[in-house]
Amino acid sequence: MSEDLFDIVILGGGSGGYACALRASQLGKKVALIEEDKLGGTCLHRGCIPTKALLHAAEVADSTRESSAFGVQATLQGIDMPAVNKYKDSVVSRLYKGLQGLVKSRKITYVTGTGKLVGPDSVEVGGEVYKGRAVVLATGSYARSLPGLDIGGRIITSEEALEMDYVPDSAIVLGGGVIGVEFASVWKSFGTDVTIVEALPHLVPAEDEACSKALERAFRKRKITFHTGVRFSSAAQDDKSVTVTLEDGKTITADVLLVAVGRGPRTTGVGYEENGVTLDRGFVPVDANLQTNVPGVYAVGDIVPGLQLAHRGFGQGIYLAEHLAGLNPAPIDEAGIPRVTYCEPEVASVGYTEPEAKAKFGDIETYEYNLGGNGKSQILATAGFIKLVRQKDGPVVGVHMVGSRVGELIGEGQLIYNWEAYPEDVAALVHAHPTQNEAMGEAHLALAGKPLHAHA
Ligand SMILES: Cc1cc2nc3c(=O)[nH]c(=O)nc-3n(C[C@H](O)[C@H](O)[C@H](O)COP(=O)(O)OP(=O)(O)OC[C@H]3O[C@@H](n4cnc5c(N)ncnc54)[C@H](O)[C@@H]3O)c2cc1C
């Protein structure tokens, strides 16, 4: 048994766990942070950061390929995957070093090893027990597969896809959600022949249908093939290829099959159920203060039902540290968490989709501002729109966007939603010209009844 009694013992050093540790230590709490692999978790080592590095390399490839449209003479000679990986890994390792330094400087007791909950206030690591006034479960998630679909060989998950040292000639992506369309986008930019299979009727099915349809149009234009509304039936591989059979009898053959059908919670074999923590399909339900059904045991991040996003984990970690320090923080509104899909073109949203808003608020109004009227978007040669949803005569309750780089605009959308701004409030604020951000101002001008570069 460790001699010390900690204020907080955190199991898992990913986005949720380390954010909680950093904030709690800032508030003077004595914290133990237990991690079996690398501090930073999925997001830093196998998720957000490496995928966005690949997407940036993909953007450079596209810019080179399309350079003549801008009067620049350049030829794309090829993709050097080991060099792309070197660039990607160098970004990750710089951030990893920084994060390690941060944790060290905050005097957090960092424990390397596999932890297991052994009591409502105790986590065991290699025979040592760490006791805390509060225990935070933050063990994250893993890439799921489907029954009968074994990962191995040419059948891979995002983890293997991030380590590939070659560009496949062809790829099948099973799952048209965020991770699936991001890899489809990267590979297409790198020259791969890509086919996406999605069981639901649309790509990025959690988004407002207008965004899904716009992304589908853009992907069609990019010659990314996709089959929606059809389910996977089986897959077979040999040393040359992998063939997927769909439930409608269609078969697709490619070099690799990326399985991107969602992420499951890492909650087995870690002592949760054995110590009375209720699980719901493997996830850990929590109350408004992120407490599980066991008093003193809390959970953050991907194991908590809801959006599986790094910044949600950060937000929950910070909230929990402040709650445990008695600061009475404002509760997190899950709908106010921004969502960005970083494929080309990007999809970004916050708040409610049109049908969700209708169901929740009844009377609503919507407006779609086409990026065709936005100077900077024309300069970048991107198409898309900003769609706003407001309560009738009330605040904006949904912002939905498609277009190159629109992910960078979601910061303003998030303030608008979370501060319950009216279109009239935003319309009165002057936006810089020519920026894509200006489209946000124009959309609100139009919804407030005074369109500038748009028809009423
Ligand atoms: C390919 C991909 C791309 C993504 N892109 C984005 C993006 O662009 N933006 C975004 O917001 N989100 C993105 N995500 C999601 C994001 O990575 C997760 O939401 C986030 O990492 C969840 O944080 P977490 O702390 O809950 O879990 P994790 O980051 O998974 O961390 C959990 C940690 O716990 C450790 N652990 C588990 N069990 C034990 C144990 N028994 N003992 C000790 N340690 C243990 C693990 O080793 C891990 O380090 C992406 C995910 C993937 C897979």
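Visitor: Where is Pro434 found?

Guide: In this predicted model, Pro434 is found in the loop between α12 and α13.

Visitor: What kind of peptide bond joins His433 and Pro434?

Guide: The general idea is that most peptide bonds are trans. The bond joining His433 and Pro434 is cis, with omega at about -5°. Another cis bond runs from Glu344 to Pro345, where omega is near -5°. Pro345 has its place in the loop between β18 (339-341) and β19 (346-351).

Visitor: How many residues of helix α13 are buried?

Guide: A residue counts as buried if 20 or more other C-beta atoms lie within 10 Å of its own. Ten of the eleven residues of α13 (residues 437-447) are buried, so this helix is largely enclosed by the rest of the structure. Among them are Glu438, Met440, His444 and Leu447.

Visitor: What covers the buried residues of α13?

Guide: The cover includes the strands β20 (364-370) and β21 (385-391), together with α10 (375-380), α11 (410-418) and α12 (423-427). Just after α13 comes Gly449, with a positive phi of about 90°.

Visitor: Which residues other than glycine have a positive phi?

Guide: As a general idea, most residues other than glycine have a negative phi. Here Arg405 has a positive phi near 65°, and Glu420 has one of about 50°. Arg405 is in the loop between β22 (396-403) and α11, whereas Glu420 is in the loop between α11 and α12.

Visitor: Why does Arg405 count as partly exposed?

Guide: Partly exposed residues fall between the buried cut-off of 20 or more neighbours and the exposed cut-off of 12 or fewer. Arg405 counts as partly exposed because it has 19 C-beta neighbours inside 10 Å. Glu420 is also placed in this class, because it has 13 such neighbours inside 10 Å.

Visitor: How may one check the length of helix α8?

Guide: One compares an expected span with the distance between the end C-alpha atoms. At 1.5 Å a residue, the 15 residues of α8 (residues 310-324) should span 21 Å, and the end C-alpha atoms are 21 Å apart, which agrees.

Visitor: Is α8 mostly covered or mostly open, and what packs against its buried residues?

Guide: Helix α8 is mostly covered, with twelve of its 15 residues buried. The buried residues include Arg312, Phe314, Tyr319 and Leu324. They pack against the strands β1 (5-11), β6 (128-137) and β17 (297-299), and against α1 (15-26), α2 (41-46) and α3 (48-65). Just after α8, Gly326 takes a positive phi of about 75°.

Visitor: How does α3 pack with α4?

Guide: For a pair of helices, one reads the angle, the distance between the axes and the residues that meet. The axes of α3 and α4 (residues 81-105) are 9 Å apart, and the angle is about 140°. The two helices are therefore oblique to each other, and α3 passes α4 in a right-handed crossing. Ile49, Pro50, Ala53, Leu54 and Ala57 of α3 meet Val84, Tyr87, Lys88, Val91, Val92 and Leu95 of α4. By class, this contact has ten nonpolar residues, no polar residue and one charged residue.

Visitor: In what way does α3 pass α6?

Guide: Helix α3 passes α6 in a left-handed crossing. Their axes come within 8 Å and cross at roughly 35°. Among the residues in contact are Leu54 and Asp62 of α3, with Glu182 and Phe190 of α6. The contact of α3 with α6 divides into six nonpolar, three polar and two charged residues.

Terms used:
Residues numbered from 1 in each chain as written. Predicted model: local features only at pLDDT ≥ 70, side-chain atom pairs only at ≥ 80, totals over all residues. Helix = DSSP H or I, 4+ residues; strand = E, 2+ residues; numbered from the N terminus. Expected span 1.5 Å × (residues − 1). Contact = placed C-beta atoms within 7 Å. Axes fitted to C-alpha atoms, helices over the stretch in contact; angles between N-to-C directions. Parallel < 35°, antiparallel > 145°, perpendicular 65-115°, else oblique. Left-handed = near helix turned anticlockwise from the far one by under 90°. Nonpolar A, V, L, I, M, F, W, Y, C, P; charged D, E, K, R; others polar.
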